[in-house]
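Try each task before reading its solution.

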Amino acid sequence: MALGERVGHVLRGAAIGVAEAVPGVSGGTIALVTGVYERVIASAGHLVNTVRYAVTDVPRGRGWTRAGHQLRQVHWEVVIPLLIGMLPGLLIAAKLLEPLLADHPEQTRGLFLGLVLASVLVPISMVGKSWRGSEVVALIVAGVAAFVLTGLPQATIEPHPLVVLVAAAVAVCALVLPGVSGSFLLLTIGLYEPTISAVNDRDFGYLAIFATGMVIGLALFVKLLQWLLEQHRRMTLAVMAGVILGSLRALWPWQSEDRALHAPGDHVPSIVALFLIGVAVVAAMIIAERRRLRRAARDLTEETYETPHVR
């Protein structure tokens with residue numbers, strides 16, 4: 001892999017890390033937009049299989065053959081640069097978002113609204129032009145469900161270790177499911193601020209429990225999602241598109257603390273400007289990714305049909 005592509009994956013990872021810290025924005029959506037989603041899902045599935053085979057085969061004396069084979073199937077050339085970019089992206093976003101959301105909530109949500117709204121074009125285009133009736137219904141049902149769930153009032157839960165463990169297992173689904181924001185789920189149950197504070201304060205006890213929950217959630221969810229993408233790809237993408245559309249409710253700039261939506265009020269010009277910037281950023285990312293894919297396909301075709309030089 002060329003150095004430029006590795007750097008690109010680091011930047012994609014940083015964008016995913018930033019998204020994971022933003023309530024209402026899904027890291028899975030960013031992964032989908034930047035073209036690394038399916039390789040991440042496949043790699044996560046192979047890692048889950050590696051652990052499973054290591055636990056079942058090694059104690060029975062069967063060795064590491066199956067576990068090693070699964071480990072070699074991981075797209076390390078993608079996963080490692082993504083992880084390198086994700087950590088600083090998450091840390092920087094966690095540091096900057098607290099004051100931005102507190103001092104400029106409408107403008108911040110306006111920017112995020114543009115980012116997420118534009119990104120819904122990706123799963124829609126992946127389904128194709130000829131949508132079936134069942135896929136349209138799935139999109140509508142998923143959208144309505146996401147709209148209702150993102151309107152639930154914020155709760156307050158004591159950050160007990162068991163609660164943190166379960167919440168992390170659920171929230172990590174956002175890392176692999178476009179449209180679902182893990183940060184927003186944490187916000188809904190009242191654990192967003194404690195988690196952001198733990199990141200900023202380097203509370204490694206809290207973070208260790210949270211990381212354990214993430215591992216459990218990934219192990220339970222990734223294989224199911226991988227199977228759905230393999231066996232029911234179009235329907236799964238339609239549901240993803242619906243979830244992304246429904247989750248836009250959480251990013252409407254004018255809403256009260258109990259998430260009641262209001263008509264446009266203050267700061268309309270700045271919010272509209274930031275909204276358009278968000279749309280433009282995602283549109284540029286989509287165009288760049290499609291150009292990269294066309295260039296890769298062209299290079300592969302040229303390599304396939306190139307005749308060897310005969311002296």
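Buried means under 20% relative accessible area, exposed means over 50%, and partly exposed lies in between (1.4 Å probe, protein chains only). The model is predicted, with local features needing pLDDT of at least 70, side-chain atom pairs counting only at pLDDT 80 or more, and totals for chains, interfaces and linings using all residues. Residues are numbered from 1 along each chain as its sequence is written, and side-chain values use heavy atoms, leaving out hydrogens and water.

**Exercise 1.** Decide whether Glu 158 counts as buried or exposed.

*Solution.* Start with its place: Glu 158 sits in the loop between helix H8 (133–149) and helix H9 (161–171); helices are DSSP runs (H or I, at least four residues), numbered from the N terminus. Next, take the relative accessibility of Glu 158, which is 64%, so the residue counts as exposed. Finally, look across the chain: 9.4 Å separates the C-alpha atoms of Glu 158 and Pro 194, which are 36 residues apart along the chain.

**Exercise 2.** Describe the surroundings of Thr 50.

*Solution.* First, Thr 50 belongs to helix H3. Second, its relative accessible area is 11%, so Thr 50 is buried. Third, leaving aside residues up to four places away in sequence, Thr 50 touches Ala 67, Gln 70 and Leu 71 (contact: heavy atoms within 4.5 Å).

How values were computed:
Helices (H or I, at least four residues) and strands (E, at least two) are DSSP runs, numbered from the N terminus.
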